[in-house]
Amino acid sequence: MTKINFKSWHNIPRDKINWYPIVDEDACIGCGTCVIGCGSLVYKFDFNSKKAKVVDPLSCIVGCVTCANTCPTKAISFPPLDEIYSLLSESKVHHAIEDELLSKKENLEWIDILPHKDKIVSMIVDDISHIRKDLIIVKLKPKMKVVDDSFCHFMPGQYVELWIPETKWLSRAYSIGNSPHEDGSIELQIRRIDEGRYSEWVFEKMKVGDTISVRGPLGNFTICSETDTPIIFIAGGTGFAPIKSMIEQLFKINPDRKNILLLWGARDSNGFYELEVIHSWIKENTHFKCILATKKILDGFILPKEVEIVESSLVDVIQNRNYNLSEYDAYVAGPPAMMPYLLKSLMTKGIKRDRIRIDSFGG
Ligand code: SF4
Ligand code: SF4
């Protein structure tokens, strides 16, 4: 009989989460590995039929698949992980994990005995531009220019982590949305996350003149292509930030850089912003091509005539055009959900996997 279970998983009642083992009795040879191995006592053993029985499915640790991995006949399966991934992207789950980590900091904190290599600098909020109701661009500049010169020399595509002053919350990562400037200033494109307490603070409370702690520059999503290699850049939503930083830098180094194609996808046409930047790239470099892909072009959406927009997904743009990308390098930035499909379609057009670089972020 199934036990009543009052547990929850990061503030979600456990009985609302579809996660438990399923035993294929025809495949089970009754070795008992799962029954003995599961520390959560999810199983009992039927000594007559020599089969494992799932008796307490809600005690199964969400996301654990240990018993399936150790079953010699692969008799154990689980529901698809998609539901768990989708729960993990919810702000309330993210907040619960963050709060739990902070409350257990004393026991869980890893303390590096070596000096920390990442640099944390103080930066001033220099400007806040409201692009649309769920997107702002924040410009930060180093508080002490002479000492903090790390942001004069970062690699386009890198990101930073920000801490909100006077909160205990963990830092949040944002890609830098500009190429390096001499004064070390950086721009971050910050999207408001549904019920996200961090982005709510940024939208409601951050003001010009605030001092923010910034760690970085971080990450290895950076350009590693030869100067004449054709490049396809693909951005999903605010994945445009690191891509913009990279393209801006390429054109700074060589304004005539050939064979650069940008595909940018968004849910609807309101998802595209800084179009004047794209327009200036097209004007200044006749080799540069850009296609915006969205499922919905909203009434009144104004686009410079040189920029192409299609009512389609990014994957369909890649599939339906007569592209041969075998000589290309690809740089792809956007939400994790889009990555498997994009990777597959890029590879069907001839790009080798080791020439595709990915910057995948949540939220
Ligand atoms: S590990 Fe697999 S074969 Fe062994 S008892 Fe469990 S389900 Fe059956
Ligand atoms: S997945 Fe882990 S917790 Fe769940 S039944 Fe198997 S061993 Fe136990």
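Modeller: Strand β7 (residues 120-132) and strand β8 (residues 135-142) run antiparallel and are joined by 8 bridges. The model is a predicted one, in which local features need pLDDT of at least 70 and side-chain atom pairs count only at pLDDT 80 or more, while totals for chains, interfaces and linings use all residues. Residues are numbered from 1 along each chain as its sequence is written, and chains are lettered from A and ligands numbered from 1 in the order in which they are written.

Biologist: Why are β7 and β8 called paired strands?

Modeller: Strands pair if DSSP finds at least two bridges between them. A strand is itself a DSSP run of E with at least two residues, a helix one of H or I with at least four, and both are numbered from the N terminus. Opposite K139 in β8 stands D127, and opposite V138 stands I128. A hairpin of 2 residues joins β7 to β8.

Biologist: What is found on the two faces of β8, and how many bridges link β8 to β11?

Modeller: The covered face of β8 carries I136, V138, L140 and P142, and the uncovered face L135, I137, K139 and K141. β8 pairs with β11 over 6 bridges in the antiparallel sense. There the bridge partner of I137 is Q189 in β11.

Biologist: What makes the sheet an open one, and which strands are its edges?

Modeller: The sheet has 6 strands in the order β10-β9-β12-β7-β8-β11, with antiparallel pairing. Neighbouring strands are turned by 40° against each other on average, direction ignored; the axes are lines fitted to C-alpha atoms, for helices over the stretch in contact, and angles run from 0 to 180 degrees between N-to-C directions. β12 (residues 211-218) contains P217, and the peptide bond from G216 to P217 is cis, with omega near 0°.

Biologist: Which handedness does the unit of β14, α8 and β15 have, and what does that term mean?

Modeller: β14 (residues 260-268) and β15 (residues 288-296) run parallel and share 8 bridges. With helix α8 (residues 275-284) they make a right-handed β-α-β unit. A crossover is right-handed if, with the strands pointing away from the viewer, the path from the first strand over the helix to the second runs clockwise. L292 in β15 is the bridge partner of W264, and L292 also has I309 in β16 as a bridge partner. β15 and β16 (residues 308-311) run parallel, joined by 4 bridges.

Biologist: Why is K74 called exposed, and what is E274 called?

Modeller: A residue is buried if 20 or more other C-beta atoms, placed from the backbone, lie within 10 Å of its own, exposed if 12 or fewer, and partly exposed in between. K74 has 10, so K74 is exposed; E274 has 16 and is therefore partly exposed. K74, in the loop between α2 (66-70) and β6 (76-77), has a positive phi of about 55° without being a glycine. E274, in the loop between β14 and α8, likewise is not a glycine and has a positive phi of about 50°. Of the 363 residues of the protein chain, 28% count as buried.

Biologist: Into which domains is the protein chain divided?

Modeller: An automatic or database domain assignment supplies the bounds: domain 1 (8-88), domain 2 (120-218) and domain 3 (231-360). The centres of domain 1 and domain 3, taken over C-alpha atoms, are separated by 42 Å.
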